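My entries follow in the order I made them.

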Amino acid sequence: RVTMTRLMPNVIPSPFHRIAGDFAGNVDRWMIVEAAVPCHIDVDVGSAEVGAGVLDGNRLQGIAYHALNVPTPETATTTHFFYAHARLFKTGDAAMDEIYRRDFLKVFTEDVAVIEAQQAAIDRDPGAEWIDINVDAPGIAMRRLLRERIAAEGAG
C-alpha cells in the first residue's frame, strides 16, 4: 500500500465543499489517498468546521466522501478505468444527488482526458524522461511498488 495524507487546517473551502457543507467561513479539510496493489485507489476527502476534530480523525461531521478508482489494464497501452463515488452527507437530498453526480462525472471526465493525453505523449516518445513533481510522489511510490512485485513474481 501507498498512502498520502494531506491535512489542511483553517482553509477556504472549495466551491463544492462550500455548497455541500453550507460552510460560511474557513474549514478544516483532509484528503487521504490509499493505493493498494495491484490497482485499487480510495480517495477519502472531506471538510468540517474549523476545530471540529476532523484533523485528529473524528470525521463523522461536516462532509465526507470517497472516490474509488480501479484502473484495470487491458493491453500495454489501454486501461479500463472503473470508478465510483460515495458520500456521507445529505444522502436524502435529491438536489445534492444531481449536483454530486454531475460534478464528479465532470471531474472524472477531465481526469480521463489528462490520462489519454499522457498516454499519447508516451506513445510518441516512449524513451522520453518522465518529469515528476512533488504531488506525484504517491504515484511514483506505487509504480515502484508494482515494479518490485512484478520482478519478484518473475524471480519466483
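**Salt bridges**

I started with R101, which forms a salt bridge with E98, the closest N and O atoms being 2.6 Å apart. I count as a salt bridge a side-chain nitrogen of Lys or Arg within 4 Å of a carboxyl oxygen of Asp or Glu. This is a predicted model, so I take local features only at pLDDT of at least 70 and side-chain atom pairs only at pLDDT 80 or more, while totals for chains, interfaces and linings use all residues. Residues are numbered from 1 along each chain as its sequence is written, and side-chain values use heavy atoms, with hydrogens and water left out.

R101 and E98 both lie in helix α2, 3 residues apart, about one turn of the helix. Helices (H or I, at least four residues) and strands (E, at least two) are DSSP runs, numbered from the N terminus. R101 is partly exposed at 45% relative accessibility, and E98 is partly exposed at 39%. For these words I use relative accessible area: buried is under 20%, exposed over 50%, partly exposed in between (1.4 Å probe, protein chains only).

I found 6 salt bridges in the structure. One of them joins the side chains of D22 and K90 at 3.3 Å, N to O. The pair links distant parts of the chain, 68 residues apart: D22 is in the loop between α1 and β2 (27–36), K90 in the loop between β5 and α2. D22 is exposed at 57%, whereas K90 is partly exposed at 29%.

I also looked up D97 and R87, whose side chains meet in a salt bridge at 2.6 Å, N to O. D97 is in helix α2 and R87 in strand β5, 10 residues apart. R87 is buried at 14%; D97 is partly exposed at 35%.

**Rings**

R87 turned up again: it lies over the face of F89, at 5.8 Å from the ring centre. The test is NZ of Lys or CZ of Arg within 6 Å of the ring centre and within 35 degrees of the ring normal.

I noted 10 aromatic pairs in the structure. F16 and F89 form an edge-to-face pair, 6.3 Å centre to centre, with 65 degrees between the planes. Rings of Phe, Tyr and Trp (its six-membered ring) pair if their centres lie within 6.5 Å; planes under 30 degrees apart count as stacked, over 60 as edge-to-face and the rest as tilted. F16 and F89 are both buried.

**Strand β1**

Last, I checked L7, which is in strand β1 (residues 2–11) and partly exposed at 39%.
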